[in-house]
Amino acid sequence: PMPYDEVRAVLYEAYKKDPEDVFASIVKTPIGSASIAQVHEAFLKSGEHVVLKVQRRGIYGTMERDVAMMQRMLRFVPPALKGLVDLERVISEFWSAAKEEMDFLLEAANMETFSKNNENVVFVASPKLYRELTTAQVLVMEYIDGYSVSDTHTLEQEGYDLVEIGEKLADNYVRQIMQDGFFHADPHPGNVKVRDGKIIWIDMGMMGRLTERDRELIGRAIEGIATSDVGQIQDVVMALGEFREKPDQSCLYDDISN
């Protein structure tokens, strides 16, 4: 974890004033700490319980150097492995995703879009965003005190039906992908909580996006799987895929069949 003095310095840089002038109190021990940021509980002067996601100082430069080092290391990768995986593209994709995660204003926009998409889904919610206190390096949102979706013992003790939670979670995730084309791309148990009978999605730093064409093709692939139509699945793979060289379609057909 970052020492609290560093956290305080980031907050001062973000607000151009002492954090004590912005918040009633901040819990100095973080709830969690990760590579890009760490999270602290805090209270607004209005009394509202919030969390502060505070970005590590200099993390952009650190990660930029790491990516550059990975790119230089590619020349030592055996040719056989390079033929299996486009490592340059993997690293490029990783860096693109990391840059998005380091822009908390983008995450704030993701939260607003997700909330709007799910405003009519009665069993789904997301944390309230405090947009006026959010900057590129500090994200302020509602504190969520629910149970992790993986804490099945506590959920059962509290009277929740695990099958119902599972069905609603799956239903909502498919809706995000196939209807909204905007879905949570990091759905591990720490980012999915249950509170007051609702599934609460948190941490919108990584979101996936699908075009209408992508969604239509994925729907055709699912239909092909359901009807065992190998040709239809192959057509979708060919339409969705990006290939460095023309694939062997007979081999692809056999692989899908098996």
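**Strand pairing, cores and aromatic contacts in a predicted model**

In strand β4, Val50 is the bridge partner of Ala42. The structure described here is a predicted model, in which local features need pLDDT of at least 70 and side-chain atom pairs count only at pLDDT 80 or more, while totals for chains, interfaces and linings use all residues. Residues are numbered from 1 along each chain as its sequence is written, and side-chain values use heavy atoms, with hydrogens and water left out.

The protein has 11 helices and 11 strands, taken as DSSP runs (H or I over at least four residues for helices, E over at least two for strands) and numbered from the N terminus. Its C-alpha trace spans about 65 × 50 × 35 Å along the principal axes. Of the 258 residues, 34% are buried, where buried means under 20% relative accessible area, exposed means over 50% and partly exposed covers the range in between, with a 1.4 Å probe and protein chains only.

To return to the strands, two of them pair if DSSP finds at least two bridges between them. Strand β3 (residues 37–44) runs antiparallel to β4, and 7 bridges join the two. Their hairpin has 4 residues between the strands, and Gly47 in it takes a positive phi near 100 degrees. Strand β4 (residues 49–55) is mostly covered, with 6 of its 7 residues buried. β4 also pairs with β6, again in the antiparallel sense, over 5 bridges, and here Lys53 stands opposite Leu139 of β6.

A further sheet is open and has 4 strands in the order β5-β10-β9-β7, with mixed pairing. Its edge strands, each pairing on one side only, are β5 (124–125) and β7 (147–148). β5 and β10 run parallel and are joined by 2 bridges; Ala125 stands opposite Ile200 in β10. Across β5, β9 and β10 lies helix α8 (residues 162–180), which runs at about 45 degrees to β10. Such angles run from 0 to 180 degrees between N-to-C directions, with axes fitted as lines to C-alpha atoms, for helices over the stretch in contact.

Helix α8 also packs against helix α9 (residues 212–227), at an angle of about 120 degrees and with the axes 8 Å apart. That angle makes α8 oblique to α9, because angles under 35 degrees count as roughly parallel, over 145 as roughly antiparallel, 65 to 115 as roughly perpendicular and the rest as oblique.

What about the interior? A nonpolar core is a set of buried Ala, Val, Leu, Ile, Met, Phe, Trp, Tyr and Cys residues joined through side-chain atoms within 4.5 Å. The largest such core holds 32 residues, of which Met63, Met102, Phe114, Leu139 and Trp201 touch the most other members. Two or more residues each come from α3 (59–73), α5 (87–101), α6 (104–117), β6 (138–142), β9 (192–195) and β10 (198–201), with α6 giving the most, 4 residues. Apart from this core lies another, of 18 residues, among them Met2, Leu11, Ile26 and Leu44. Leaving aside neighbours within four places in sequence, Met63 is in contact with Ile36, Phe94, Trp95, Ala98 and Met102.

The search for aromatic pairs across the whole structure finds 5. Rings of Phe, Tyr and Trp (its six-membered ring) pair if their centres lie within 6.5 Å; planes under 30 degrees apart count as stacked, over 60 as edge-to-face and the rest as tilted. Tyr15 and Phe23 have ring centres 5.9 Å apart and planes at 65 degrees, so this pair is edge-to-face. Tyr15 counts as buried because its relative accessibility is 13%, and Phe23 counts as buried at 1%. Tyr173 and Phe183 are edge-to-face as well, at 6.3 Å centre to centre and 85 degrees between the planes. This pair links distant parts of the chain, 10 residues apart, with Tyr173 in helix α8 and Phe183 in strand β8 (residues 182–184). Tyr173 is partly exposed at 22% relative accessibility, whereas Phe183 is buried, with a relative accessible area of 17%. Phe114, Tyr173, Phe183 and Trp201 form one aromatic cluster, and Phe114 and Trp201 are also among the core residues that touch the most other members.

Technical notes: Contact = heavy atoms within 4.5 Å.
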